[in-house]
Amino acid sequence: MNNSYPTDVLERLRSDAQQIISRYPQPRSAIMPLLHLIQSEDGFCSPRGINLVAELLDLSRAQVSAVATFYSQYRRRPNGEYNVGVCTNALCAVMGGDIIWEELSEYLGIGSDETTADGKITLERLECNAGCDYAPVVVVNWEFFDNQTPQSAKQIVDDIRAGKDIHPTRGPEKVHTFKETSRVLAGFDDGHAGEGPSGGVPTLRGVKLARENNWTAPQPLGEETK
């Protein structure tokens with residue numbers, strides 16, 4: 001990849017970056033969304049992107065790289081068009097997540113944080129997707145595919161490689177690319193936030209029971225006497 005952006009791309013990135021920076025009292029606070037902005041262009045936190053963020057925020061490359069290497073959502077090498085994450089934490093694992101991981105890794109011929117030769121899929125072994133009520137869960141570009149099996153997970157990657165739209169269980173009507181998703185994480189609305197349900201019956205079961213039984217949170221000790 002070139003060490004600098006073409007003039008038109010650089011102008012667009014600078015314009016977008018200024019919108020991001022303007023949201024924060026301290027410019028340095030914009031470092032994380034700016035890194036997502038770089039990923040929306042390059043597909044990873046590229047050296048030229050690191051340079052640009054450092055320049056925009058008057059930081060050193062080391063300071064920007066320290067953030068880019070700390071958080072797992074930032075990539076230091078080109079990511080696939082679709083990031084497929086398989087949860088193998090305790091609940092997902094016992095519900096079949098470990099088997100999904102093993103079969104999907106063998107099926108694609110890659111391990112964790114590796115990308116298929118066609119550049120379509122990066123496979124990631126995740127500790128938790130925060131979707132335990134739908135275990136086992138697979139996420140594609142951080143959109144949920146609930147109650148998965150090895151067969152359904154293989155169908156997801158088959159559809160991706162065939163160029164078909166894939167449809168998450170919750171959230172937007174279809175999964176958008178890694179770069180498109182990165183732009184949303186940078187803070188730019190893509191118009192899909194209101195699509196689809198964000199929760200479901202298992203997620204909302206506790207709220208339903210609480211309302212039916214008039215349950216309320218306990219008051220802090222001593223609060224009832226005030």
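Two strands are taken to pair if DSSP finds at least two bridges between them, and helices (H or I, at least four residues) and strands (E, at least two) are DSSP runs, numbered from the N terminus. The model described here is predicted, so local features need pLDDT of at least 70 and side-chain atom pairs count only at pLDDT 80 or more, while totals for chains, interfaces and linings use all residues. Residues are numbered from 1 along each chain as its sequence is written, and side-chain values use heavy atoms, with hydrogens and water left out.

A look at the whole chain comes first. The protein chain has eight helices and five strands, and from the N terminus on these elements follow the order α-α-α-α-β-α-β-β-β-β-α-α-α. Taken along the principal axes, the C-alpha atoms fill a box of roughly 60 × 60 × 30 Å. Of the 226 residues, 44% count as buried, where buried means under 20% relative accessible area, exposed over 50%, and partly exposed in between (1.4 Å probe, protein chains only). Contact means heavy atoms within 4.5 Å; among contacts between residues at least 6 apart in sequence, 65% join residues at least 24 apart.

The five strands make an open sheet with mixed pairing, in the order β2-β3-β1-β4-β5. Its edge strands are β2 and β5 (143-145), each of which pairs on one side only. Strand β2 (residues 114-115) runs antiparallel to β3 and is joined to β3 by two bridges. In these bridges, Glu-114 has Leu-123 as its partner in β3, and Thr-115 has Thr-122. Together β2 and β3 form a hairpin with five residues between them, and Gly-119 in the turn has a positive phi of about 75°.

Strand β3 (residues 121-126) is itself mostly covered, with five of its six residues buried. Strand β1 (residues 82-87) pairs with β3 in the parallel sense, over six bridges. With β4, strand β1 pairs in the antiparallel sense over three bridges; here the partner of Val-86 is Val-138 in β4.

How enclosed is β1, and which of its residues point which way? Six of the six residues of β1 are buried, so this strand is largely enclosed by the rest of the structure. Tyr-82, Val-84 and Val-86 point one way from β1, whereas Asn-83, Gly-85 and Cys-87 point the other way. In a regular strand the side chains alternate between the two faces of the sheet.

Helix α5 (residues 90-108) contains Asp-98, and α5 lies across β1, β3 and β4 (138-140), running at about 150° to β3. Axes here are lines fitted to C-alpha atoms, for helices over the stretch in contact, and angles run from 0 to 180 degrees between N-to-C directions. Asp-98 is partly exposed, with a relative accessible area of 29%. Leaving aside neighbours within four places in sequence, Asp-98 is in contact with Thr-88, Cys-92, Ala-93 and Arg-125. Its C-alpha atom is separated by 32 Å from that of Ser-65, 33 residues apart along the chain.

A nonpolar core is a set of buried Ala, Val, Leu, Ile, Met, Phe, Trp, Tyr and Cys residues joined through side-chain atoms within 4.5 Å. The largest such core has 26 residues, and those with the most contacts inside it are Ile-31, Leu-34, Leu-35, Leu-37, Val-53 and Val-64. Two or more residues each are given to this core by α1 (7-21), α2 (31-42), α3 (47-57) and α4 (61-68), and the largest share, six residues, comes from α3. Leaving aside neighbours within four places in sequence, Leu-35 is in contact with Cys-45, Ile-50, Val-53, Val-64, Val-67, Ala-68 and Tyr-74. A second, separate core of 19 residues includes Val-84, Ile-100, Trp-101 and Leu-104.

Helices α1 and α3 also meet directly. Their axes come within 11 Å and cross at roughly 50°, and the two helices are therefore oblique to each other; angles under 35 degrees count as roughly parallel, over 145 as roughly antiparallel, 65 to 115 as roughly perpendicular and the rest as oblique. Leu-10, Leu-13, Arg-14, Ala-17, Gln-18 and Ile-21 in α1 meet Leu-52, Glu-55, Leu-56 and Leu-57 in α3.
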